[in-house]
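Hello, and welcome to this structure. Here are some numbered notes to read with the model open beside you.

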Amino acid sequence: MKTLIISGTNRTHSASLAAAKHVHHLYSSHLECEIFSLCDLPKDLLTDNFYSQRHPEILAIVEKIKSTDILLFVIPEYHGSFPGIVKFFLDLMPSSTFKYKRVGIIGVSDGHAGNMRGIDHFTGVMHYLRANIISFFPKISHVKLMIQDEVFNPDERVKGLLSELAHELQIP
C-alpha cells in the first residue's frame, strides 16, 4: 500500500517532522512510504491567489495524494488546535482530493494531551471533505522529551501507540 506521511507544520526542524521520519522508518518495511513536509510547500503561495488557478506544484501534490492508499498526518498542537498552514494546505486542494481517502492522524504536543483538540478539529474538517478517517488516533505527549539531535526516540507508551496504529492500518 502506498502511504504518504505529511508533517503538518512548516516549522523547520520540528518535532512533527522528527516523528514523521520515525513513522516512515517504522512502517516502510511493510508499506511504500513517502514523507511530505509542509516546509516544502511552494514559497510563492501567499503572493498570488491560487484558489481559482491552482499552483503547478500543488497540482503535483494533488496527484501524489490521489495515487496513495493512505495519508498519515502528523499534526502538532498550535494554540489548542492544528496549525493554520495545514488548513491553508487543505484549502489549496480541490475538495475531491480527499474524498474516500483513508486518513490517519497522529497528534503531537509538548503538553500532556497529545493535541487531542487539534485532532478533533482536524477530524471534523476531514469528515467534511468525505475522507475515511482511521478511528485510532495516537497522541504523542511531551514530545520534546523524546527528541535528541532532531531524532525521535519514542518511549514505550508511544511505541505501543504506533504499533496499534500499524494494526489499524493492517500492517503485518
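1. Setting aside neighbours within four places in sequence, I75 is in contact with S16, F82, P83, I105, I106, G107, V108, N115 and F122. Please keep in mind as you look that this is a predicted model. I75 belongs to strand β3, which covers residues 70-76. With a relative accessibility of 1%, I75 counts as buried, since buried means under 20% relative accessible area.

2. Next, have a look at T3, which you will find in strand β1 (residues 2-7). Is T3 buried or exposed? T3 is buried, and its relative accessible area is 2%. Beyond the neighbours within four places in sequence, T3 is in contact with L31, E32, C33, E34, I70 and L72.

3. S37 sits in strand β2, residues 32-37. S37 also counts as buried, at 6% relative accessibility. Leaving out the neighbours within four places in sequence, the residues in contact with S37 are S7, T9 and L17.

4. Now turn to A15, a residue of helix α1. Which residues does A15 contact, leaving aside its neighbours within four places in sequence? They are V108, V143 and I147. For a sense of distance, A15 and I134 are 119 residues apart along the chain, and 22 Å separates their C-alpha atoms.

5. Helix α1 (residues 15-27) also pairs with helix α5 (residues 156-168): their axes come within 12 Å and cross at roughly 55 degrees. The two helices are therefore oblique to each other, as angles from 65 to 115 degrees would be needed to count as roughly perpendicular and angles under 35 degrees as roughly parallel. The crossing of α1 past α5 is right-handed. On the α1 side the contact is made by H22, V23, L26 and Y27, and on the α5 side by L162, L165 and A166. Sorted by class, this contact has six nonpolar residues, one polar residue and no charged residues.

6. D110 is found in the loop between β4 (102-108) and α4 (116-128). Its relative accessible area is 41%, so D110 is partly exposed, a class that lies between buried, under 20%, and exposed, over 50%. Apart from neighbours within four places in sequence, D110 is in contact with H142, V143 and K144. With K144 there is a polar approach: a polar atom of the D110 side chain lies 3.3 Å from the backbone nitrogen of K144. D110 and I140, which are 30 residues apart in sequence, have C-alpha atoms 8.3 Å apart in space.

7. Y100 is not a glycine, but it has a positive phi of about 65 degrees. Y100 lies in the loop between α3 (84-91) and β4, and counts as exposed at 51% relative accessibility. D149 is not a glycine either, and has a positive phi of about 50 degrees. Where is D149 placed? D149 is in the loop between β7 (147-148) and β8 (151-152). With a relative accessible area of 77%, D149 is exposed.

How values were computed
Residues are numbered from 1 along each chain as its sequence is written. This is a predicted model: local features need pLDDT of at least 70, side-chain atom pairs count only at pLDDT 80 or more; totals for chains, interfaces and linings use all residues. Side-chain values use heavy atoms; hydrogens and water are left out. Axes are lines fitted to C-alpha atoms, for helices over the stretch in contact, and angles run from 0 to 180 degrees between N-to-C directions. Helices (H or I, at least four residues) and strands (E, at least two) are DSSP runs, numbered from the N terminus. Angles under 35 degrees count as roughly parallel, over 145 as roughly antiparallel, 65 to 115 as roughly perpendicular and the rest as oblique. A crossing is left-handed if the near helix is turned anticlockwise from the far one by less than a right angle, and right-handed if clockwise. Contact means heavy atoms within 4.5 Å. Ala, Val, Leu, Ile, Met, Phe, Trp, Tyr, Cys and Pro count as nonpolar, Asp, Glu, Lys and Arg as charged, and the others, Gly among them, as polar. Buried means under 20% relative accessible area, exposed over 50%, partly exposed in between (1.4 Å probe, protein chains only). A polar contact is a pair of N or O atoms within 3.5 Å; within protein, one must be able to donate a hydrogen and the other to accept it, and residues adjacent in sequence count only if both atoms are side-chain atoms.
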